Amino acid sequence: MFCVTASTMTAIKHALQRDIFTPNDERLLGIVNVCKAGKKKKNCFLCATVTTERPVQVKVVKVKKSDKGDFYKRQQTWELRDLTEVDAKDASKENPEFDLHFEKVYRWVASSTAEKNSFISCIWKLNQRYLRKKVEFVNVSSQLLEESVPSGESQSVAGGDEDALDDYQELSAREEQDIESMMEMCEYAISNAEAFAEQLSRELQVLDGANIQSIMASEKQVNILMQLLDEALGEVDTIEGKLSSYEEMLQSVKEQMDQISQSNRLIQISNTNNGKLLDEIQFLVNYMDLSKGHIRALQEGDLTSPKGIEACINASEALLQCMNVALRPGHDKLMAVTQQQLLFAELRDTFARRLTNHLNNVFVHQGHDQSSTLSQHTAELTLPKHSPLHRDLLRYAKLMEWLKNTHREKYEGLSRTYVDYMSRLYEREIKDFFEVAKIKMAGTTKEAKGKFGKSCDSQTSTLPRKESALKQETESLHGSSGKLTGSTSSLNKLTVQGSNSRRSQSSSLLDMGNMSASDLDVADRTKFDKIFEQVLSELEPLCLAEQDFISKFFKLQQHPTVTPPLAQPETEESDGGTPSRIPPQAEHRHSLSSEKDMVRLMMNKIFQSIETELNSLIALGDKIDSFNSLYMLVKMSHHVWTAENVDPASYLSTTLGNVLVTVKRNFDKCISGQIRQMEEVKISKKSKVGILPFVTGFEEFAELAETIFRNAERRGDLDKAYVKLIRAVFMNVEKVANESQKTPRDVVMMENFHHIFSTLSRLKISCLDAERREAKHKYTDHLQSYVINSLGQPLEKLNHFFEGVEARVAQGVREEEVSYQLAFNKQELRKVIKEYPGKEVKKGLDNLYKKVDKHLCEEESLL
């Protein structure tokens with residue numbers, strides 16, 4: 001791209017002005033070095049000029065350097081009034097391209113963005129000064145469309161002429177007319193400038209003389225004005241004398257009016273004092289008076305009926321307003337005010353005592369009354385609903401708030417009473433509820449495992465309804481729980497029995513009293529899952545409803561209203577004279593934090609048995625079948641996630657989170673147990689190995705886990721367990737293969753890794769893609785190794801012949817030329833074939849088939 005320095009551009013500008021524009025009576029105001037866009041880079045100059053004659057004509061001139069010499073010539077001229085649009089292409093980025101729209105569009109590329117901006121700014125100024133026509137400036141920065149000239153290079157390009165353009169002031173129409181008329185009077189003004197100047201000088205002297213005469217004539221008018229002023233002053237003196245006489249006459253009237261004004265002032269002070277006294281009396285009467293109806297409601301109002309409770313609420317709020325009224329200075333010294341405050345204190349204490357006794361009785365009654373319906377709810381595995389109790393107690397919520405603001409110690413005593421009785425009630429209900437849940441869980445196991453013996457069969461009795469029977473049943477369940485551990489997993493300590501099928505292995509294992517999890521019916525596991533879900537679904541609304549009730553009833557979600565001590569009616573005055581009772585903001589925040597702690601503390605005391613019972617239930621489920629930890633992990637994670645979405649700081653969220661830790665530990669313990677059992681597997685020395693039990697056990701585990709963890713929140717835990725289990729399976733398959741004496745190592749590896757690969761391919765577990773490829777690789781490698789090492793070469797010489805052929809081809813001998821070599825011609829091939837007649841080949845194949853059949857198992861069908 002061409003580039004012209006500032007000094008060079010200045011020299012070019014002066015040369016163009018001297019050679020091209022001065023002879024044509026034009027002034028060069030803007031210049032830009034350009035070339036046409038998209039063509040060969042033949043640069044030229046666009047010049048913005050104005051004529052020195054009137055009327056002023058503004059033009060855009062294209063100037064190009066002559067090819068024959070070192071001089072410039074005018075190539076094309078456009079009138080600025082024909083310009084319709086200036087397009088700068090981009091206002092935010094530096095871009096040297098721009099378009100000028102005359103009768104057609106001319107596209108240019110400037111040598112620099114600064115030159116382009118300076119030229120566009122010059123065009124805009126010329127248009128504003130001389131034409132003021134509507135020219136569209138597109139993609140032009142607003143800073144360029146201002147009177148200020150851009151700094152830098154553009155200043156050096158067009159600075160001097162722009163300053164001259166700004167200093168020039170156009171004559172007005174009136175000035176032009178005067179000059180023209182003056183020049184018409186002197187026709188020789190243009191031809192003889194000196195004569196015209198002398199005539200103008202003579203006329204100027206005539207005007208100066210006329211001005212002096214006008215000033216001298218005005219002196220007479222000044223003298224006349226001074227005479228009139230003297231006469232006016234005389235009249236003023238006369239009027240002042242008359243006013244003095246009038247003032248003397250009114251002196252006595254003034255004294256009388258002063259006396260009347262003094263009397264009126266005293267009357268106004270008296271009226272003001274009387275009005276203030278009346279305001280004080282009305283204030284005390286309006287704000288320190290409690291109606292008889294309110295007093296009666298506070299003393300003997302009915303706290304059992306809705307109307308009586310509403311009347312007591314209204315009366316307590318009115319009493320609180322009277323006690324909290326901001327007394328003005330001096331009110332506390334009035335005997336009536338003191339008596340009213342004593343009356344209010346007595347009414348407050350009386351009503352607080354009545355309210356506390358009544359609510360204590362309600363708590364005690366409700367705590368004992370619920371026990372009659374326990375057996376009905378527990379038999380159905382549901383928890384009693386306390387919404388009727390909450391609905392009845394919430395009618396006293398405003399009275400509890402009043403008690404909290406007036407008698408804090410009674411309020412706290414009531415909260416302790418409520419927690420004490422409700423914790424006993426909930427403890428009974430929750431304990432019975434969990435006893436039934438445990439028995440139902442044990443029932444699912446007993447129905448599916450009739451082979452567990454009499455200790456399990458004895459638990460299938462009908463659900464008792466009494467609490468003592470529930471305890472006895474649970475104790476017997478825990479006593480026999482040791483016999484349920486036989487089904488803890490599908491990867492139990494199994495001894496590989498000497499048989500040709502896994503069916504015979506399973507039957508022999510069942511005869512030994514051990515049951516794998518694959519024998520646990522899927523419907524029973526689903527039933528266990530439903531029971532556990534039912535337990536959590538019953539606990540969740542119970543805790544949320546109780547926490548919501550505690551917050552509303554004890555008013556623990558609002559900022560506390562702090563009242564002054566009623567035994568001391570005096571209040572400290574703030575700087576403005578108003579009694580100050582509002583604590584600092586820090587105290588408010590501390591109070592709010594302590595209220596949240598109080599809700600949490602109350603919930604912990606009321607539901608102190610939930611976490612213990614849940615852990616006990618989880619331990620039982622884990623003993624019944626360690627696979628239950630998968631169900632419990634998924635369900636518990638979902639309920640924790642739900643509780644955290646409702647309220648992350650709630651008691652339910654915290655408790656379920658703690659229990660989730662226990663469930664996760666059981667899940668990890670289950671995985672560790674499976675791995676430990678794999679390591680303890682022993683194989684029989686007299687029977688072939690086949691598919692190892694922990695390989696099929698992993699398959700069963702993965703199938704069940706994929707069903708349970710579908711769309712679960714804790715999928716990551718399962719993926720980590722998968723990796724641990726599959727690595728243990730790989731390691732122990734190799735361990736068993738190395739220890740096997742009856743079955744070749746390659747057969748054990750080939751069959752088991754083929755089974756693992758088939759399982760992973762079918763289940764499509766994404767986190768085990770690498771292990772799936774590794775299993776395929778191991779299966780393929782050991783298959784080839786078995787074929788090569790164990791099966792041998794039944795047609796040995798024939799194999800050697802074709803191995804030699806392959807070797808020659810590998811050395812570069814063409815395939816069609818191999819037969820021409822003596823060792824590998826057709827005659828040699830016929831000799832080798834004659835040594836292996838058909839009967840020998842068939843006999844060899846039969847022996848080979850029997851050998852492979854002896855090594856391979858039936859389950860994998862690899863024969």
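**Ground rules.** I number residues from 1 along each chain as its sequence is written, and side-chain values use heavy atoms, with hydrogens and water left out. Because the model is predicted, local features need pLDDT of at least 70 and side-chain atom pairs count only at pLDDT 80 or more, while totals for chains, interfaces and linings use all residues.

**Overall.** I looked up the secondary structure and got 28 helices and eight strands. Those are DSSP runs numbered from the N terminus (helices H or I, at least four residues; strands E, at least two). Of the 863 residues, 41% are buried; buried is under 20% relative accessible area, exposed over 50%, partly exposed in between, with a 1.4 Å probe and protein chains only. For contacts (heavy atoms within 4.5 Å), I took those with a separation of 6 or more, and 71% of them join residues 24 or more positions apart.

**Cysteines.** How many disulfides are there in the whole structure? My search found zero, taking a disulfide as a pair of cysteine sulfur atoms within 2.5 Å. Cys 35 has its closest cysteine sulfur in Cys 44, but at 7.8 Å that is too far for a bond.

**H21 against H23.** I checked how H21 (residues 651-679) sits on H23 (residues 715-739): the angle is about 10° and the axes are 9 Å apart. Axes here are lines fitted to C-alpha atoms, for helices over the stretch in contact, and angles run from 0 to 180 degrees between N-to-C directions.

**Ser 650.** Where does Ser 650 sit? I found Ser 650 in the loop between helix H20 (628-646) and H21. Ser 650 counts as buried, at 1% relative accessibility. Its side chain reaches the backbone nitrogen of Ser 653 at 3.2 Å. Neighbours within four places in sequence aside, I logged Gln 547 and Ala 643 as contacts of Ser 650.

Conventions
A polar contact is a pair of N or O atoms within 3.5 Å; within protein, one must be able to donate a hydrogen and the other to accept it, and residues adjacent in sequence count only if both atoms are side-chain atoms.
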